[in-house]
Amino acid sequence: MDVRRPSWDSRVDYSLILPVFFLLLIGLVAVYIAVSHDYPTRALNIVLLQGLWVLLGIVFAFVIMFFNKEFLWKATPFLYLLGIGMMFLPLFFYSSSLVAMTGAKNWVTLNGQTLFQPSEFMKISYILMMAYVVVRFHEKHSEASLWSDILLLVQLLVVTLPVLGLLYFQSDLGTALVFMAIFSGIVLLSGISWTIILPVVLLAGLFTTTFILIFISPNGKEILHNLGIDTYQLNRIAAWLDPFENAQTTTFQQAQSLIAIGSGGLMGQGFNMTNLHVPVRESDMIFTVIGEDFGFVGGLVVISLYMLLIYRMIRVTIVSNNRFYTFISTGFIMMILFHVFENIGAATGILPLTGIPLPFISQGGSSIISNLIGVGLVLSMSYQNSLLQEKRQQHFQRKHRFIIETID
């Protein structure tokens, strides 16, 4: 007797979709609260546009869910080259006023209309390419050695350096840190020896310590500025070290962020009861809205949803038992973790401001769509896992039926 074949929707991992759905819903509410105070005449248009980006991202995620490993493998080099090509665009098509305000050329602007941020989509292409390089390398080099580890690291750097170079010319340090977080996660999982990793980690720690010591020394800012560090980046570090030193000028955003979150207390001031002005709180500082209106409890709910999402992605990765999928998932998890840690850390004064959005919540089409494409990739892993289990079950049923018929 044949067993009815499961429908496609039975293969969808709804436990992965659920935390994403609530984060997107919280994002729409938080964006509405922010823009209704800061841009009351455009609030409805901004929220509707955000909703449109969410719907478009969901469509992308739905389509990508049906991609199999073979298709992704073949498409990866082309997606990487396409992403690199797109990252050249902000260097030529940009808004001078936006660059003056943010200090970075990371948005494509045509005829005064800001369109998209290529680096957000490059994150997904980069994750795929890094996974592609590691898996292909392991297939060709079955025996691990210090020399093979160095060779793998060189290949990963060849993929990474063009991205970091373009981000350097875009003056986008925050996004560069995201790529470095992805790079670190994949390098650690790739099996590269700690003999190579540890000296690099120690060198990075020494560099960071030296940088901070120079910064806090007399004339330190002038020295760093002469070394090529932009003034707005130095101001962000100063705001991190002492957010209330120049609370009415250069550290205004950081100071207002801390006051807003602190004023929310345990339960918050209530829906749409925002009283303080925090610059760009609809995007980079969206957590201040959650903290002020919904308090510690609201912030805890948001963080719990992220933890649930990451847990579900790890579970899908373990079940898939596929190296290409494993590295893709690792890269995306590192991307989400770094975004959440840096964004919330910056809003609460733990880390310097870097202009990194809060995944699924901050206003902005490029970030929303890119993150949902990443979710689509993980859903694809889960979907393919379900298909594989069905094939195994069908094979077992055919074998069992054959044995019964043979006995009869």
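1. A quick definition to start: a crossing is left-handed if the near helix is turned anticlockwise from the far one by less than a right angle, and right-handed if clockwise. By that rule, H1 and H13 cross in a left-handed way. Helices here are DSSP runs (H or I, at least four residues), numbered from the N terminus.

2. Before going on, some ground rules. This is a predicted model, where local features need pLDDT of at least 70 and side-chain atom pairs count only at pLDDT 80 or more, while totals for chains, interfaces and linings use all residues. Residues are numbered from 1 along each chain as its sequence is written, and side-chain values use heavy atoms, with hydrogens and water left out.

3. Back to the helix pair. The axes of H1 (residues 14-38) and H13 (residues 286-320) come within 9 Å and cross at roughly 160°; axes are lines fitted to C-alpha atoms over the stretch in contact, with angles from 0 to 180 degrees between N-to-C directions. H1 and H13 are therefore roughly antiparallel (over 145 degrees).

4. Who makes that contact (heavy atoms within 4.5 Å)? On the H1 side the residues include Phe22, Leu23 and Ile26, and on the H13 side they include Asp293, Leu305 and Arg312. The contact residues of H1 and H13 split into 21 nonpolar, one polar and two charged.

5. The cut-offs are under 20% relative accessible area for buried, over 50% for exposed and in between for partly exposed (1.4 Å probe, protein chains only).

6. Phe66 and Tyr383 are also edge-to-face, 5.2 Å centre to centre with 70° between the planes. This pair links distant parts of the chain, 317 residues apart: Phe66 sits in the loop between H2 (43-64) and H3 (69-87), Tyr383 in H15 (residues 365-407). Phe66 is partly exposed at 33%, whereas Tyr383 is buried at 6%. Ring pairs join Phe62, Phe66 and Tyr383 into a cluster.

Technical notes
Helices (H or I, at least four residues) and strands (E, at least two) are DSSP runs, numbered from the N terminus. Angles under 35 degrees count as roughly parallel, over 145 as roughly antiparallel, 65 to 115 as roughly perpendicular and the rest as oblique. Contact means heavy atoms within 4.5 Å. Ala, Val, Leu, Ile, Met, Phe, Trp, Tyr, Cys and Pro count as nonpolar, Asp, Glu, Lys and Arg as charged, and the others, Gly among them, as polar. Rings of Phe, Tyr and Trp (its six-membered ring) pair if their centres lie within 6.5 Å; planes under 30 degrees apart count as stacked, over 60 as edge-to-face and the rest as tilted.
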